[in-house]
Amino acid sequence: IRPAHEVALDALADLKSRSLWQSGEEKAYHTELTRIMRQYVEDRYEIQALEMTTSQLKTKMNSENIDADIIHQFVEILQIADKVKFAKGSTGPAINEKFMDDAFAIVRNTKKIVEVQHVDD
């Protein structure tokens, strides 16, 4: 089983390489970005992120003592993406780039560190 952060970073890199928003597919970009991030939270923290509203997810992340700055960045991505996906909003290149950069940073800053114990001979 691959660590959640590796799966998420690969998925984000793939999304970035597809240049969806640059080719006019902003809704598809935000849909995929939020799916990747929700899946990461689900795999990393064992929170049913794919089944929750943004508000429910924020509450649950707070109860798990996840860093407030991480929650803020994550929720900002979800809230703006919801407007693009459901209210026909638009963000523009600067915000789309920022959200991709933020998504990479969130995953890198929250990856689970597994300590390996060495057994002496």
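What separates Glu32 and Arg35 in helix 2? I looked this up first. The two are three residues apart in helix 2, so about one helical turn separates them. I count a salt bridge when a side-chain nitrogen of Lys or Arg is within 4 Å of a carboxyl oxygen of Asp or Glu. Arg35 is partly exposed at 37% relative accessibility. My cut-offs: buried is under 20% relative accessible area, exposed is over 50%, and partly exposed is in between (1.4 Å probe, protein chains only).

**Basis.** I am working with a predicted model: local features need pLDDT of at least 70, side-chain atom pairs count only at pLDDT 80 or more, and totals for chains, interfaces and linings use all residues. Residues are numbered from 1 along each chain as its sequence is written, and side-chain values use heavy atoms, with hydrogens and water left out.

**Overall fold.** I found five helices and zero strands in the protein chain. Helices (H or I, at least four residues) and strands (E, at least two) are DSSP runs, numbered from the N terminus. The C-alpha trace spans about 60 × 30 × 20 Å along its principal axes. Of the 121 residues, 39% count as buried.

**His30.** I went back to helix 2, which covers residues 26-45 and holds His30. Is His30 buried or exposed? His30 is buried, at a relative accessible area of 0%. Its side chain makes a polar contact with the side chain of Asn96, at 2.9 Å. A polar contact here is a pair of N or O atoms within 3.5 Å; within protein, one must be able to donate a hydrogen and the other to accept it, and residues adjacent in sequence count only if both atoms are side-chain atoms. Leaving out residues up to four places away in sequence, I see His30 touching Ala81, Val84, Lys85, Thr91, Asn96 and Phe99. Contact means heavy atoms within 4.5 Å.

**Other salt bridges.** How many salt bridges are there by this rule? I get eight. One of them pairs Asp14 with Arg18, closest N and O atoms 3.4 Å apart. Asp14 is partly exposed at 40% relative accessibility. Arg18 is partly exposed too, with a relative accessible area of 39%. Glu64 forms a salt bridge with Lys60, with 3.4 Å between the closest N and O atoms. Glu64 counts as partly exposed at 35%, and Lys60 as partly exposed at 31%. I also noted a network of salt bridges linking Arg2, Glu6 and Asp10.
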